[in-house]
Amino acid sequence: MSTRTVLAGDLGGTKCRFALVGEDFTVHAVQHVPTVRERAPFLAAFDRAITAVLAAVPAGHERPRAAGFGTAGVIPRDGRSIDRAPNLPLDGFPLAQHVEQRFGLATTLINDGRASAFGEYLRGHARAADPLLCLFFGTGIGIGLIIDGKPFGGGNNAAGEIGHTTFRPGGRRCPCGGLGHFEAYCGGRAITERAEELLGKAASGAWTVGSVVAAAEEAGSRGEAARSILAEAELAAGTVVANACTLLNPAAVVLGGGVLSGWHALASRIEAHVRASTGSAITTGLRFVPSLGGSDAILWGAAASTGALFAQRP
C-alpha cells in the first residue's frame with residue numbers, strides 16, 4: 001500500500017519552505033526559496049518550488065491530492081487568502097485559489113503559529129499536552145494555542161497575534177506599522193535592525209541574532225551596546241510569554257524559532273522570567289520544552305489541517 005502525502009508549505013518572513021509530508025510525519029522533497037517583498041517574483045518562486053516538489057514524489061508514496069500552507073498573517077474564516085501579512089506580499093491575494101487552479105490540489109491556509117502548535121501537539125516533546133501554548137521567535141513572533149486537541153482560531157480566526165500587542169506604548173515602530181509592539185523588540189528582524197542602527201555594519205555584511213550575541217561578549221562600547229539590545233529583547237520575550245501564560249494557563253509551553261537557535265540562553269531565561277513573575281496557579285505543573293520540529297512542525301500542522309493526511313490524534 002502506498003503512503004498518503006500532502007504538499008505542505010511554511011511561508012515565512014525570511015524564507016519559504018515546501019515539502020511533501022507523509023502520514024508518518026516524514027518530510028520529503030524539500031525546497032527553499034527566499035521571501036521577496038514583491039508579489040510577482042514571490043509567486044513565480046512559489047510556483048517553481050511547488051512544481052519541483054511535485055516532480056520528486058518518492059517511490060511508494062502517492063501524489064498529494066491536497067496542500068496546506070502555514071503562513072504569517074491572519075487567515076479569514078473562508079481560508080482562501082491572507083489578511084494583514086506584514087512580512088509577505090500577499091495581503092488579500094486568493095492564494096488557495098491560485099494553488100488549486102495551477103496544481104489541482106485542494107488547498108488549506110492556516111496561520112503559521114497555529115500550524116506549528118498543531119504539529120508540536122501531534123508529534124513534539126509536549127505531545128498531547130492540552131491546553132498547549134507554543135511561541136516561536138523568528139523574524140516575527142508566532143503563537144499557537146491548542147485547546148481540546150484543535151488549534152484555537154478565535155471569533156474571526158485572528159487569535160494569536162500576540163507579537164502585535166503592546167510592550168511599550170508609543171515605542172519603536174513595528175513592521176505592521178503599530179508602535180511599541182513586542183515584535184519590534186524581540187522579533188529577530190528587530191534585534192538585527194537595532195544592531196545595525198547602534199553598531200553599524202556587521203563584519204559579515206549582515207547581522208544575525210547569533211552575531212549580536214557574540215558581539216555582547218566583547219569589551220568596550222560595542223559590547224555594551226549589544227548587551228543593551230539583548231537585555232531589552234530578553235525582557236520583552238519574557239514578558240510576552242508570562243502574559244500569555246497568565247491569560248491562558250497552559251499545561252505546557254513549547255519555545256522555538258530562529259532567535260532561540262542563535263541565542264541559546266534565551267529559552268531558560270524566558271522560563272525563569274515566567275516562573276518569577278506569575279503565581280503558583282499558573283506555574284504548578286507547567287512544563288517548558290523546546291520545539292521538536294522547528295520548521296517541520298509548521299509543515300506537520302499545515303498538512304494535518306487539510307484533513308487529508310491522517311485521522312489519528314494523540
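Good morning. In this predicted model, ring pairs link Phe18, Phe42, Phe46 and Phe69 into a cluster.

First, the overall count. Seven aromatic pairs are found when the whole structure is searched. I begin with Phe42 and Phe46: their ring centres are 6.3 Å apart and their planes meet at 25 degrees, so this pair is stacked. The cut-off behind that term is an angle of under 30 degrees between the planes.

Where do Phe42 and Phe46 lie? Both belong to helix α1, which covers residues 39-54. They are four residues apart there, about one turn of the helix.

As for solvent, Phe42 has a relative accessibility of 3% and therefore counts as buried. Phe46, at 1%, counts as buried too. The limit applied in each case is under 20% relative accessible area.

Phe46 also forms an aromatic pair with Phe69. Here the centres are 5.4 Å apart and the planes stand at 40 degrees, a tilted arrangement. Which parts of the chain does this pair tie together? Phe46 is in helix α1, whereas Phe69 is in strand β4, residues 66-71, so the contact joins parts that are 23 residues apart in sequence. Phe69 has 0% relative accessibility, and therefore it counts as buried.

That brings us to β4 itself. How many of its residues are buried? The count is six of six, and the strand is described as mostly covered. Ala67, Phe69 and Thr71 point one way from β4, while Ala66, Gly68 and Gly70 point the other way; all are buried.

Now to the strands that pair with β4. Strand β1, residues 5-11, pairs with β4 in the parallel sense, over five bridges. Within that pairing, Leu7 has Ala67 of β4 as its bridge partner. Strand β5, residues 106-111, also runs parallel to β4, and six bridges join the two.

Phe69 lies in β4, a strand that is bridged to β1 and to β5. Thank you.

Conventions: Residues are numbered from 1 along each chain as its sequence is written. This is a predicted model: local features need pLDDT of at least 70, side-chain atom pairs count only at pLDDT 80 or more; totals for chains, interfaces and linings use all residues. Side-chain values use heavy atoms; hydrogens and water are left out. Rings of Phe, Tyr and Trp (its six-membered ring) pair if their centres lie within 6.5 Å; planes under 30 degrees apart count as stacked, over 60 as edge-to-face and the rest as tilted. Buried means under 20% relative accessible area, exposed over 50%, partly exposed in between (1.4 Å probe, protein chains only). Two strands pair if DSSP finds at least two bridges between them.
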